[in-house]
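Hi,

Here is the structure I promised to pass on. Could you take a look when you have a moment?

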Amino acid sequence: MAFVQTVSEDDATGSVKELYERDTASQGYVQNYVKALSLHPEIVVAYRDLITLLRERMDLRRYELITIAVSAALRCSY
């Protein structure tokens, strides 16, 4: 069984706290990938920057279709 160490919402400070607060404000909760990467918040920021750049360069429908196709190819049930 895998174990991933994370920063709890109560213990979050600095950039991790900012990421948690941003998620809670926009989503109503902290997303799982943000919690999973909480020991390295710079990765979350870089990932979000990458996704923003990709989305800016294509329409939403194409982006969603690519997301579904990649998930299917990787057999991702998440």
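Below is what turned up on the pocket and the salt bridges.

Bear in mind that this is a predicted model, where local features need pLDDT of at least 70, side-chain atom pairs count only at pLDDT 80 or more, and totals for chains, interfaces and linings use all residues. Numbering runs from 1 along each chain as its sequence is written, and side-chain values use heavy atoms, with hydrogens and water left out.

(On a 1 Å grid over the protein atoms alone, a pocket is an open set of points where a 1.4 Å probe fits, with protein on both sides within 12 Å along at least five of seven lines; lining residues have an atom within 4 Å of a point.) It has 22 lining residues, and Tyr 33, Tyr 47, Ile 51, Arg 55 and Tyr 63 are the closest to its centre. Helix H3 gives the most to this lining, six residues (helices are DSSP runs of H or I, at least four residues, numbered from the N terminus).

As for salt bridges (a Lys or Arg side-chain nitrogen within 4 Å of a carboxyl oxygen of Asp or Glu), the whole structure has three. Arg 48 and Asp 23 meet at 2.5 Å, N to O. Arg 48 sits in H3 and Asp 23 in H1, so the pair ties together parts 25 residues apart in sequence. Asp 23 is buried at 2% relative accessible area (buried is under 20%, exposed over 50%, partly exposed in between, with a 1.4 Å probe and protein chains only). Glu 9 pairs with Lys 35 at 3.5 Å; Glu 9 is partly exposed at 46%.

Cheers

Note on methods: Helix = DSSP H or I, 4+ residues; strand = E, 2+ residues; numbered from the N terminus.
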